[in-house]
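Hi,

Here is the structure I promised to pass on. Have a look at it first, and then read on for what I found in it.

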Amino acid sequence: VQSNDVTRHRMELYQQTMRDSGYDDEKIAQNMRECWLWRNVCVADTDAEAAEIGIPAFHRQTEFRAVMRYRIHKEQGVTLAKAPVAGVAPAAPAARSQVEHSLLYGAPDTVAEKIAEIDKFGAGGLIMTFRLGPMDIEATENSIRLFMTRVAPQFA
């Protein structure tokens with residue numbers, strides 16, 4: 001997961017690099033169809049309800065993953081984190097742990113607008129996770145139901 005700005009830039013750079021390397025439009029389009037993006041999703045009847053359900057569940061999921069990463073590092077000495085460099089400011093938190101970059105939440109029309117923005121990048125599809133951390137099954141089922149009945153049909 002990256003911010004939309006970073007994703008847009010990387011997709012444009014990828015296409016330009018292919019063009020500069022001599023690939024034709026058909027091959028570029030084929031490769032773009034094979035590029036997929038990932039986001040967590042929480043759909044509810046209103047934007048406020050989706051925020052109330054999705055944001056805390058997303059934060060708990062992110063915290064759990066951080067604990068697991070720390071545990072793996074401690075037990076196995078393996079980490080995905082970059083080592084700090086003297087004299088260089090620490091990097092901002094990863095986009096995957098930031099609500100504004102990793103979580104599409106809201107009422108169906110709000111989520112559809114967010115997906116339409118991502119669709120402009122030209123990727124082949126969107127991988128979506130609906131069960132966020134400890135989110136209860138009823139909220140997850142409702143999110144999927146609203147997505148399939150009111151969001152997905154807008155992209156048929």
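This is a predicted model: local features need pLDDT of at least 70, side-chain atom pairs count only at pLDDT 80 or more; totals for chains, interfaces and linings use all residues.

Is N40 buried or exposed? Its relative accessibility is 0%, and since anything under 20% counts as buried, N40 is buried. If you set aside neighbours within four places in sequence, N40 is in contact with F58, Q61, S102, L103, L104, T129 and L132.

One of those partners, L104, deserves a stop of its own. L104 sits in strand β2 and is buried, with a relative accessible area of 7%. Not counting residues up to four places away in sequence, L104 touches R39, N40, V41 and C42, and also V111, K114, I115, I118 and L126. From L104 to F130 you go 26 residues along the sequence, and their C-alpha atoms are 9.9 Å apart in space.

Now for the chain as a whole. It has six helices and three strands, and from the N terminus on the order is α-α-β-α-α-β-α-β-α. There are 156 residues, of which 31% count as buried. Of the contacts with a separation of 6 or more, 77% are between residues 24 or more positions apart.

On to the cores. The largest nonpolar core has 20 residues, and V41, I115 and F147 have the most contacts inside it. Which elements give two or more residues to this core? They are α1 (4–20), α2 (25–33), β1 (36–43), α5 (108–119) and α6 (137–151). Helix α5 gives the most, with four residues. As for I115, leaving out residues up to four places away in sequence, it touches L104, L126, F147, V151 and F155. There is also a second, separate core of nine residues, and F58, L103, L132 and A139 are among its members. Two of these, F58 and L103, are in the list of residues that N40 contacts.

The buried residues of α5 are P108, T110, V111, A112, I115 and I118. When you look at that list, remember that an α-helix has 3.6 residues a turn, so residues three or four places apart point the same way. What do the buried residues of α5 pack against? They pack against α1, β1, α3 (47–76), β2 (103–106), β3 (125–129) and α6.

The pairing with α6 is the one I would turn to next. The axes of α5 and α6 come within 10 Å and cross at roughly 70 degrees. Angles from 65 to 115 degrees count as roughly perpendicular, so that is what α5 is to α6. On the α5 side, P108, V111, A112 and I115 take part, and they meet L146, F147, R150 and V151 in α6. By class, this contact has seven nonpolar residues, no polar ones and one charged one.

R150 is part of that contact and is found in helix α6. It is partly exposed, with a relative accessible area of 41%. The C-alpha atoms of R150 and A107 are separated by 9.4 Å, although the two are 43 residues apart along the chain.

D45 lies in the loop between β1 and α3 and is partly exposed, at a relative accessible area of 45%. Aside from neighbours within four places in sequence, D45 is in contact with A107, P108 and L146. Between D45 and G106 there are 7.7 Å from C-alpha to C-alpha, and 61 residues along the chain.

The other one is A94, in the loop between α3 and α4 (99–102). With a relative accessible area of 31%, A94 is partly exposed. How far apart in space are A94 and V1? C-alpha to C-alpha it is 8.4 Å, while in sequence they are 93 residues apart.

Cheers

Terms used:
Residues are numbered from 1 along each chain as its sequence is written. Side-chain values use heavy atoms; hydrogens and water are left out. A nonpolar core is a set of buried Ala, Val, Leu, Ile, Met, Phe, Trp, Tyr and Cys residues joined through side-chain atoms within 4.5 Å. Buried means under 20% relative accessible area, exposed over 50%, partly exposed in between (1.4 Å probe, protein chains only). Contact means heavy atoms within 4.5 Å. Axes are lines fitted to C-alpha atoms, for helices over the stretch in contact, and angles run from 0 to 180 degrees between N-to-C directions. Angles under 35 degrees count as roughly parallel, over 145 as roughly antiparallel, 65 to 115 as roughly perpendicular and the rest as oblique. Ala, Val, Leu, Ile, Met, Phe, Trp, Tyr, Cys and Pro count as nonpolar, Asp, Glu, Lys and Arg as charged, and the others, Gly among them, as polar.
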